[in-house]
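Please read the paragraphs below with the sequence and the model side by side.

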Amino acid sequence: MSAWRDSYQIIKHASVLKIWNISLLKISYLLSRVLKRPIIFGFPFTLSIEPTTACNLACPECPSGLKQFSRPTGKLDLNVHKQMLEQVKKTVFYINYYFQGEPFIHPQFLDLIREAKLAKMYTATSTNAHFIDKAKALEIIDSGLDRLIISVDGITQATYEQYRVNGSLSKVLEASAFLVEAKKERRSATPFLIFQFLAVKPNESEIPAVFTLAKEIGIDEVRIKTAQLYDFKNGNSLMPEQEEYARYAKQSDGTYKLKGRQGNHCWRMWSGSVLTWDGKVVPCCFDKDASHVLGNVTDQHFRGIWKSKEYQKFRYAVLANRQEIDICKNCSEGTKVWS
């Protein structure tokens, strides 16, 4: 399945009214940037919904893998999920079923996908692929999942496990092959399969080879992602040496800072939102520990939260001085990220 067919798959989930809603969002976003105060005309067209915070790996730059959350670990209840869909279905048409954790640890994860497809949503998720066997691959195809991002951060076990601690590259590659074969067996164009390669120092020399590997297996696309590092000011052993793959630039005094110039604006505050497994609404995917809770859909309608004083206050803070917000200081939104 080529990239243009995947793009078409997204577009066909957008009705005329949903496209009009995006136009309203864009207009209000541009006005907000000019006037330096938050104006909201529409509602989000994309969401991230968290199936679970649990994960089987222990990746060094992931609070889920390191078990460093202050918020509880849990999984999304199916009834709460139905409530979420009911509240957002008029404008949302793209849902990424991923925030923190490994989605396939949720025992009913594919039921979430099926419910979203019934609500006419484009669905995507990201996985470390350790829970996908031949039977599960067929279930994934049959669920209607539109896009599946597979984390492949090395082409040898020795390299892979330096970041994907406790992980097995052979399981990932076997699962990838199962998915390609399942698509052929079902004669399905979906899900669009993406190898995502997180560029860090231990694996950067293997980046060219991952494109060859993906082609051999039959993966649709490869994406190279720069790594977000929590401790970066004085350098980090995971920082790649090749400048094009690094998210941070070295300064004249020897310290590092995020590349690019971060303006006092953020399209994410108008285009989408994030819902945690227990119904909390947080501004974006950089708020990994849900430290900026703006409401909860289990006791308040999402539309009310979206236009609430709390949400508007957060948007205003972004427009006033984005660098004063903790989760924004290490955010790549609006800066160039190699992919």
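Asp111 is partly exposed, with a relative accessible area of 32%; the scale used here calls a residue buried under 20% relative accessible area, exposed over 50% and partly exposed in between, with a 1.4 Å probe and protein chains only. Asp111 belongs to helix α4, residues 109-118; helices (H or I, at least four residues) and strands (E, at least two) are DSSP runs, numbered from the N terminus.

The model is predicted, so local features need pLDDT of at least 70 and side-chain atom pairs count only at pLDDT 80 or more, while totals for chains, interfaces and linings use all residues. Residues are numbered from 1 along each chain as its sequence is written, and side-chain values use heavy atoms, with hydrogens and water left out.

Thr127 is a buried residue, because its relative accessibility is 2%. Thr127 is part of strand β3, which covers residues 122-127. The side chain of Thr127 comes to 2.8 Å from the backbone nitrogen of Ala129. This is a polar contact, that is, a pair of N or O atoms within 3.5 Å; within protein, one must be able to donate a hydrogen and the other to accept it, and residues adjacent in sequence count only if both atoms are side-chain atoms. Leaving aside residues up to four places away in sequence, Thr127 touches Glu102, Phe104, Ile132, Leu148, Ile149, Ile150 and Ser151, where contact means heavy atoms within 4.5 Å.

In helix α3 (residues 78-88), Val80, His81, Met84, Leu85, Gln87 and Val88 are buried. Viewed down the axis of α3, these buried residues fall within an arc of 165°, so they line one face of the helix; the arc is that of the directions from the helix axis to the C-beta atoms. Asn79 and Glu86, on the other side of α3, are exposed. The packing partners of the buried residues of α3 are β1 (46-49), β2 (94-96), α4, β9 (272-275) and α10 (302-306). At the N-terminal end, Asp77 caps α3, with a side-chain oxygen 2.9 Å from the backbone nitrogen of Asn79.

In helix α1 (residues 3-11), the buried residues are Asp6, Gln9 and Ile10. They fall within an arc of 100° seen down the axis of α1, so they too line one face of the helix. The face of α1 turned away from this side carries the exposed residues Trp4 and Ile11. The buried residues of α1 pack against β2, β3, β4 (147-151) and β5.

Ser170, in helix α7, is exposed, with a relative accessible area of 52%. Its side chain makes a polar contact of 2.9 Å with the side chain of Ser168. The C-alpha atoms of Ser170 and Gln157 are separated by 7.7 Å, and the two residues are 13 apart along the chain.

The backbone comes next. Most residues other than glycine have a negative phi, and most peptide bonds are trans. Lys120, in the loop between α4 and β3, has a positive phi near 65°. Lys120 is exposed, with a relative accessible area of 60%. Asn166 also has a positive phi, about 75°; Asn166 lies in the loop between α6 (157-163) and α7, and at 60% relative accessibility Asn166 counts as exposed. The peptide bond from Thr190 to Pro191 is cis, with omega near 0°. Pro191 sits in the loop between α7 (169-186) and β5 (192-199).

On a 1 Å grid over the protein atoms alone, a cavity is a set of points where a 1.4 Å probe fits but cannot get out, and a pocket is an open set with protein on both sides within 12 Å along at least five of seven lines; lining residues have an atom within 4 Å of a point. One cavity of 30 Å³ or more is found in the whole structure. The largest cavity has a volume of about 40 Å³, and its lining consists of Cys266, Arg268, Met269, Cys284, Ile327, Cys328 and Cys331. The second largest pocket has a volume of about 240 Å³. Of its 13 lining residues, Gln228, Tyr230, Phe286, Lys288 and Ile327 are the closest to its centre.

How values were computed:
Points joined across faces, edges and corners; volume = space filled by probe spheres on them.
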